[in-house]
Amino acid sequence: MPEISKETIALLSYLLPGFLVAWMFYALTSHTKPTQSERVIQALIFTLLVAAVVALERIVLQYFGHWYILRPWDKDSELIASVITALLLGLLIAHLTNKDTLHAVLRKFKLSQRSSSPNEWCTVLSARQQFIVIHLKDDRRLYGWPLVWPSDPDKGHIFVTSASWVHGETALELAEAEGVLVDVKDIGHIEFAKKPEEPA
């Protein structure tokens, strides 16, 4: 196994706060992890943000240090501040992404048409709180409430509660079942039922 150079170790140590932010973000959102080179670029950006916030924290703490000294600002203080800042920044970015907060503001000011969801599948299912009709590839139809769905529309399962099999104009309610787990590979398309208050 080849030895890791000191320069590589120094670079990784410098990027660790950025990698920590990225780790928090991907652990708490539905976004898939990008390629290794894209992750390094993200780590660089997040590291820059963490370093900027830590610099502000140092200025503020040194200012209040005129009246109350908690401890001197040294490498250990900077390390602790970097780790805490990276964790909090990762939580904040994940929260804003999951709530679509930033993109909602951008859409309001006509700066973007995108959402913070990883794809249209998640955007539509999370935004529309309503019953659906799943049209399976074998021509069966399942009516119900989508409770859980995968972030990837090509793999995983969607969990439907209050489910009924639809045959023509009649529905066979699955009263004994709490829900139905459907493989997304078996789905042809999904129909969203109109809400009661919407005109027919």
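Which residues does Thr47 touch, not counting residues up to four places away in sequence?

**View 1. Thr47 and its contacts.** Thr47 touches Tyr14, Leu15, Pro17 and Gly18, leaving aside residues up to four places away in sequence. Contact means heavy atoms within 4.5 Å. Thr47 sits in helix α2 (residues 36–64). Helices (H or I, at least four residues) and strands (E, at least two) are DSSP runs, numbered from the N terminus. Thr47 is buried, at 3% relative accessible area. Buried means under 20%, exposed over 50%, and partly exposed in between (1.4 Å probe, protein chains only).

The model is predicted: local features need pLDDT of at least 70, side-chain atom pairs count only at pLDDT 80 or more, and totals for chains, interfaces and linings use all residues. Residues are numbered from 1 along each chain as its sequence is written, and side-chain values use heavy atoms, without hydrogens and water.

View 2. The whole structure holds 6 aromatic pairs. In one, the ring centres of Tyr63 and Trp67 are 5.1 Å apart with planes at 75°, so this pair is edge-to-face. Rings of Phe, Tyr and Trp (its six-membered ring) pair if their centres lie within 6.5 Å; planes under 30 degrees apart count as stacked, over 60 as edge-to-face and the rest as tilted. Ring pairs join Tyr63, Phe64 and Trp67 into a cluster. Tyr63 is partly exposed at 49%. Trp67 is exposed at 62%.

**View 3. Phe131 and Trp145.** These rings have centres 5.1 Å apart and planes at 75°, so they pair edge-to-face. Phe131 lies in the loop between α5 (120–127) and β1 (132–136), and Trp145 in strand β2 (residues 141–148), so the pair ties together parts 14 residues apart in sequence. Phe131 is partly exposed at 29%. Trp145 is partly exposed at 24%.
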